[in-house]
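Trainee: I would like to learn how to read surface patches, annotated spans and salt bridges. Can we work through one model together?

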Amino acid sequence: MTEQQSSFPRRDAEGRIRFLGDLLGISLAGWVIGVLALVLFDWAFSSFGANGAGRANGWLSVILPVWLFWEDFRAWEFGAARVMAGLVAAAVAVVVGLLVA
């Protein structure tokens, strides 16, 4: 009898994340790590006089969540659901970008 190891996030046989809570939890943790890294880089550059404080690019904080979503998106086979998910994601990105701008 083989003992199954539990891992987080829980994935199915194809490598897709099985539960929405796992996907959101990991993406939130990645975002928090990204924000902390952004603050650290901003502090380091401003302390060396290379740049003023608060002038680092905020896109650095979303690298890990985007990577997670991209890898989970790639794990799904090509089909109508994948195309619709891509279109909805693009529309949400444009709307959120316009609201932030």
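**Reading the patch, the spans and the bridges**

Mentor: Keep in mind that this is a predicted model. Start with the nonpolar surface patch: α1 (20-47) and α2 (63-75) each supply at least two of its residues.

Trainee: Which helix gives the most to the nonpolar patch?

Mentor: That is α1, with 6 residues.

Trainee: What area does the nonpolar patch have, and which residues make it?

Mentor: The area is about 1000 Å². Among the residues are Leu28, Trp31, Val32, Leu36, Phe41 and Phe45. Trp59, Leu60, Val62, Ile63 and Val66 belong to the patch too.

Trainee: Where does Trp59 lie?

Mentor: Trp59 sits in the loop between α1 and α2.

Trainee: Is Trp59 buried or exposed?

Mentor: Here a cut-off is needed: exposed means over 50% relative accessible area. Trp59 has 51% relative accessibility, so Trp59 counts as exposed.

Trainee: Next, the annotation. Where does UniProt place the feature "transmembrane region"?

Mentor: The UniProt record, an unreviewed entry, puts the feature at residues 20-41 and 82-100. Treat that as a label from a record, then check the coordinates. Residues 20-41 are 100% helix and 0% strand. The end C-alpha atoms of that span are 31 Å apart.

Trainee: What does the chain look like over residues 82-100?

Mentor: Residues 82-100 are 100% helix and 0% strand, with end C-alpha atoms 27 Å apart.

Trainee: Now the charges. How many salt bridges are there?

Mentor: A salt bridge is a side-chain nitrogen of Lys or Arg within 4 Å of a carboxyl oxygen of Asp or Glu. By this rule, the count is 2. One of them joins Asp22 and Arg10, with the closest N and O atoms 2.9 Å apart. This pair links distant parts of the chain, 12 residues apart: Asp22 is in helix α1, and Arg10 is in the segment before α1.

Trainee: Is Asp22 buried or exposed?

Mentor: Asp22 counts as buried, because its relative accessibility is 4%. Arg10 is partly exposed, with a relative accessible area of 39%.

Trainee: Which residue forms a salt bridge with Glu71?

Mentor: The partner is Arg74, and the closest N and O atoms are 3.6 Å apart.

Trainee: Why are Glu71 and Arg74 separated by about one helical turn?

Mentor: Because they are 3 residues apart in helix α2. Glu71 is partly exposed, with a relative accessible area of 35%.

Technical notes
Residues are numbered from 1 along each chain as its sequence is written. This is a predicted model: local features need pLDDT of at least 70, side-chain atom pairs count only at pLDDT 80 or more; totals for chains, interfaces and linings use all residues. Side-chain values use heavy atoms; hydrogens and water are left out. Patches are made of residues with over 30% relative accessible area and no salt bridge: like charges are joined within 9 Å, nonpolar side chains (Val, Leu, Ile, Met, Phe, Trp, Tyr) within 5 Å. Accessible areas come from the Shrake-Rupley method with a 1.4 Å probe; for residues, only the protein chains shown count as cover. Helices (H or I, at least four residues) and strands (E, at least two) are DSSP runs, numbered from the N terminus. Buried means under 20% relative accessible area, exposed over 50%, partly exposed in between (1.4 Å probe, protein chains only). UniProt positions are given in the numbering used here, feature names are shortened, and annotations may be inferred rather than shown by experiment.
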